[in-house]
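Here is a short briefing on one protein model.

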Amino acid sequence: GCNPLAQTGRSKLQNQRAALNQQILKAVRMRTGAENLLKVATNQKVREQVRLELSFVNSDLQMLKEELEGLNISVGVYQSTEEAFTIPLIPLGLKETKDVDFSVVLKDFILEHYSEDSYLYEDEIADLMDLRQACRTPSRDEAGVELLMAYFLQLGFVESRFFPATRQMGLLFTWYDSLTGVPVSQQNLLLEKASVLFNIGALYTQIGTRCDRKTQAGLESAVDAFQRAAGVLNYLKETFTHTPSYDMSPAMLSVLIKMMLAQAQESVFEKVSLRGIRNEFFTLVKVAQEAARVGEVYQQLHTAMSQEPVKENIPYSWASLACVKAHHYGALAHYFTATLLIDHQLKPGADEDHQEKCLSQLYDHMPEGLTPLATLKNEQQRRHLGKCHLRTAIAHHEESLRGVSLCKKLRSIDLLQDVLSAAHQCSRLKYAQYQEDDDLLSLTDAPSVVSKTEQEVEIISPQFSKVTVTDFFQKLGPLSVFSANKRWTPPRSIHFTAEEGDLGFTLRGNAPVQVHFLDPYCSAALAGAKEGDYIVSIQGVDCKWLKVSEVMKLLKSFGEDEIEMKVVSLLDSTSSMHGKCATYSVGMQKTYSMICLAIEDNDKTDKTKRISKKLSFLSWGTSKNRQKSASTLCLPSVGVSRPQIKKKLPSPFSLLNSDSSLY
């Protein structure tokens, strides 16, 4: 990530955003307290005082929201450093978060669930926390995107390793809404993963606005960046459908996707007109339809921004800018159409059929009494229709300028007003050349220009496969077995010898390797090994990632010497689970949620006893070998002690139907 202390324009904005988030959090808490006091207060004077304070708090919140909106429309900081006479584009700001300390919770889980020394994983936990910290200040380039994607993929490994579906881990993840500044907290990784995805999309928008829009390559990069931003936001919308943060709600994400695609289409128009617009019939037709396309998508965006429930939380300046751009590009479409009608007359030897076809495709329908070919041949009709388009263009330009004047944030963007004023002046000068006294009586409404583009923008899905990520905690073993949602017995030490070179069992599987075809009378079986056991170590050598051939070679290397082999037995997913678990409370430094694994004689069903003779040797054996497996940590009882009552405990699958999950 970037240096968080570097005083760049973008870092200053993010620091201001973080400070505003804290002020908004304080104001929200004060408002909640005042509302609660108002509900319980009975004294009339107290109620009046609370109402007065509540009005002050609401006013402060509104002012803070307007300040945050000002940061969201601070487009100048994110634009290219190259001066260009173009309308600024809108980037998304990165979501801010609070620090999270993984160390205590992950160490406890490694000791409890994996029965391993948690201090062996201090470096891995530190790497995870460093990666998260770096993701708070990513660089505004592909390296920054890859950093965020690497953390997102790493979270998938962390979730599989340490976050079982049936319990909360006591880690509180807090992220601030990028539009309202309101914090949202959850105890699972879904909010964390969704917020990282949002920041990937936001970073793509900042890359897009930073591109040099005076070059072909820069505009192509801008189009690609905005399409990728739309793809990430669309993936977020489809994958995380119930995010509690409003900026990641399906309705808001749909609007943000439309905004990214609209800005990509705007960049396509700039690419078409980059080398100048030749005053040539077919070129003007193409450019007019491209401008109409941009105006159309911005009009659709403004309509979406004006709908409930998005309308209340979308920055007013964004909606105003979408409306301004819709009118601006609509005006350009009419201006270019007027130019091709007024300046170009069908000459002898010209491609009459081609021009007629282009003009007919420029409109949904020709004005009443006009046909494409007749209009091309009649100079008076062409000029008359051209002036109709110029008047419509001037009207759209005036609406775009009026939209800027009505929005305080847009009025402060000088470049925007300069571009709009220059375009307005061009249309007025063109109209003044052909204006006649009776125009107000004779001119009719110009027909709409049909939108068309040479490059239809589309959503580009995120390509996570291009980012190579190594599981920080791969020492715990293959995820297919050693995950948070699977349970196994504590490691058992098996001391045995190979009699006459015969181990008494074979091996199977990839990694980890399993004991197979176990001779019930061999040394390993008598020492407690069972068929299906996973071999985790041999003579202190970790074997979780070794293949069959490697484990067999290691076993045979000891000859007839005594071998110490540690094994674990995977427990059935329907095994009983202890019902006691600690509930997380905000403010507690650490909590435990222990699963006590109890294998009772009474849990065996008749079906288990009816297994074939060979399989009967895989049971626990005689009663002296039967053991109970329990976690090394236990929870103290709270409150009045109750008598121990034996009862059938629920399965993990029944717990999945509880309301423990926030998604």
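A contact means heavy atoms within 4.5 Å. In this protein, residues 24 or more positions apart account for 78% of the contacts with a separation of 6 or more. This is a predicted model: local features need pLDDT of at least 70, side-chain atom pairs count only at pLDDT 80 or more, and totals for chains, interfaces and linings use all residues. Residues are numbered from 1 along each chain as its sequence is written, and side-chain values use heavy atoms, with hydrogens and water left out.

**Whole protein**
- The protein has 21 helices and eight strands. These are DSSP runs numbered from the N terminus: helices are H or I with at least four residues, strands are E with at least two.
- Of its 663 residues, 48% count as buried. Buried means under 20% relative accessible area, exposed over 50%, and partly exposed in between (1.4 Å probe, protein chains only).

**D561**
- D561 sits in the loop between α18 (548–556) and β8 (563–568).
- D561 is exposed, with a relative accessible area of 52%.

**Helix α3**
- Helix α3 spans residues 103–113 and is mostly covered, with nine of its 11 residues buried.
- Among the buried residues are V105, L106, F109 and I110, and also K107, D108 and E112.
- The cover over the buried residues of α3 includes α4 (122–134) and α5 (142–162).
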